[in-house]
Amino acid sequence: MRKFKTRNMGRKFVVGGNWKMNGDKNTIHEIITTLSNGPLDPNVEVVIGIPAIYLAYVQSIVPDNLKVAAQNCWKVEKGAFTGEISPAMIKDVGSEWVILGHSERRTIFKETDELVAEKVAHALATGLKVIACIGETLEEREAGKTEEVVFRQTLPLIAAIGDNWDRVVLAYEPVWAIGTGKTASPAQAQEVHAALRNWLVSNASPAVAEAVRIQYGGSVTAANAKELAACPDIDGFLVGGASLKPEFVDIVNATM
Ligand SMILES: O=C(CO)COP(=O)(O)O
């Protein structure tokens with residue numbers, strides 16, 4: 001048996017898998033079997049983001065140590081919103097989490113900072129936990145606007161989250177690192193995470209800044225996860241492509 005050690009930090013490491021629009025019943029069954037066999041470090045919270053149509057199926061086959069997230073939802077409970085799903089429905093099929101504000105939602109589906117905040121507020125009011133994503137494009141980074149963009153995206157979330165920070169994880173995902181194989185270096189990621197945490201001291205509260213977990217996302221693999229996980233302000237990952245592969249187990253176990 002593998003030995004797991006307890007990470008000596010107040011912020012529990014949290015690793016999300018974002019499957020995006022991938023998988024079918026067969027491959028999903030394989031992935032869940034792999035994750036069930038793990039073994040996964042019990043000191044790490046693991047959340048897998050599933051295409052909405054498979055939420056109930058995955059919920060029916062996952063072991064207790066894996067939590068399930070939707071990848072998006074709408075901002076009200078029910079009604080004439082063809083094609084959308086609500087936080088109430090996510091909760092109804094037994095899932096506890098939703099990923100909101102992913103850069104693909106922001107860029108392809110034109111979701112604004114304000115809309116993302118409205119979705120976050122409603123999801124939290126329904127009782128879900130939220131992974132809220134932020135991150136700059138390559139153009140914005142090269143223009144020296146990384147922090148400005150990240151703070152601008154986070155600002156409307158502050159009011160939306162209110163007293164519910166204990167049910168929120170922030171995911172810093174530089175758009176230029178997503179699906180490109182170009183990971184932010186540990187130093188680049190740590191710099192933004194630390195700046196965001198520092199910004200939260202005055203814009204949320206010192207207690208929130210200290211407690212909130214900030215995931216890094218963007219081309220995380222088993223090969224780079226350990227070095228990223230060693231950074232003091234990186235409290236987990238949001239993993240795309242590699243979350244569909246057996247190496248996700250190693251990414252979950254990166255802090256061992
Ligand atoms: O967008 C991501 C996770 O939400 C990151 O995707 P990749 O890990 O495939 O770069």
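This is a predicted model: local features need pLDDT of at least 70, side-chain atom pairs count only at pLDDT 80 or more; totals for chains, interfaces and linings use all residues.

User: What box do the C-alpha atoms fill?

Analyst: Roughly 50 × 45 × 35 Å, taken along the principal axes.

User: And how many helices and strands?

Analyst: The chain has 11 helices and eight strands. Those are DSSP runs numbered from the N terminus: H or I of at least four residues for helices, E of at least two for strands.

User: How much of the chain is buried?

Analyst: Buried residues are 42% of the 256. Buried means 20 or more other C-beta atoms within 10 Å of the residue's own, exposed means 12 or fewer, and partly exposed is in between, with C-beta atoms placed from the backbone.

User: Let's do strands. Which ones pair with β8?

Analyst: β1 (residues 14-18) pairs with β8 in the parallel sense over four bridges, and β7 (residues 213-217) runs parallel to β8, joined by two bridges. Pairing takes at least two DSSP bridges between the strands. As for who faces whom, Val15 is opposite Phe237, and Gly217 is opposite Leu238.

User: Which way do the β8 residues point?

Analyst: Gly236 and Leu238 point one way and Phe237 and Val239 the other, and all of them are buried.

User: OK, the core. Which residues touch the most other members?

Analyst: In the largest nonpolar core, which has 69 residues, they are Val98, Val120, Val130, Ile131, Ala132 and Ile251. A nonpolar core here is a set of buried Ala, Val, Leu, Ile, Met, Phe, Trp, Tyr and Cys residues joined through C-beta atoms within 7 Å.

User: What does Ile251 contact, beyond its neighbours within four places in sequence?

Analyst: Val15, Val220, Ala222, Ala225, Phe237, Val239 and Ala242. A contact means C-beta atoms, placed from the backbone, within 7 Å.

User: Switching to the ligand. Which residues are closest?

Analyst: 14 residues surround the ligand, and the closest are Asn18, Ile178, Gly217, Gly240 and Gly241. Near means a C-beta atom, placed from the backbone, within 6 Å.

User: How does that shell divide into nonpolar, polar and charged?

Analyst: Five nonpolar, eight polar and one charged. Ala, Val, Leu, Ile, Met, Phe, Trp, Tyr, Cys and Pro count as nonpolar, Asp, Glu, Lys and Arg as charged, and the others, Gly among them, as polar.

User: Which non-glycines have a positive phi of about 55°?

Analyst: Lys110 has one, and so does Ser219. Lys110 is in the loop between α4 (103-108) and α5 (113-126), while Ser219 sits in the loop between β7 and α10 (225-229).

User: Buried or exposed, those two?

Analyst: Lys110 counts as exposed because it has 8 C-beta neighbours inside 10 Å. Ser219 has 20, so Ser219 counts as buried.

Definitions and conventions:
Residues are numbered from 1 along each chain as its sequence is written. Two residues are in contact if their C-beta atoms, placed from the backbone, lie within 7 Å.
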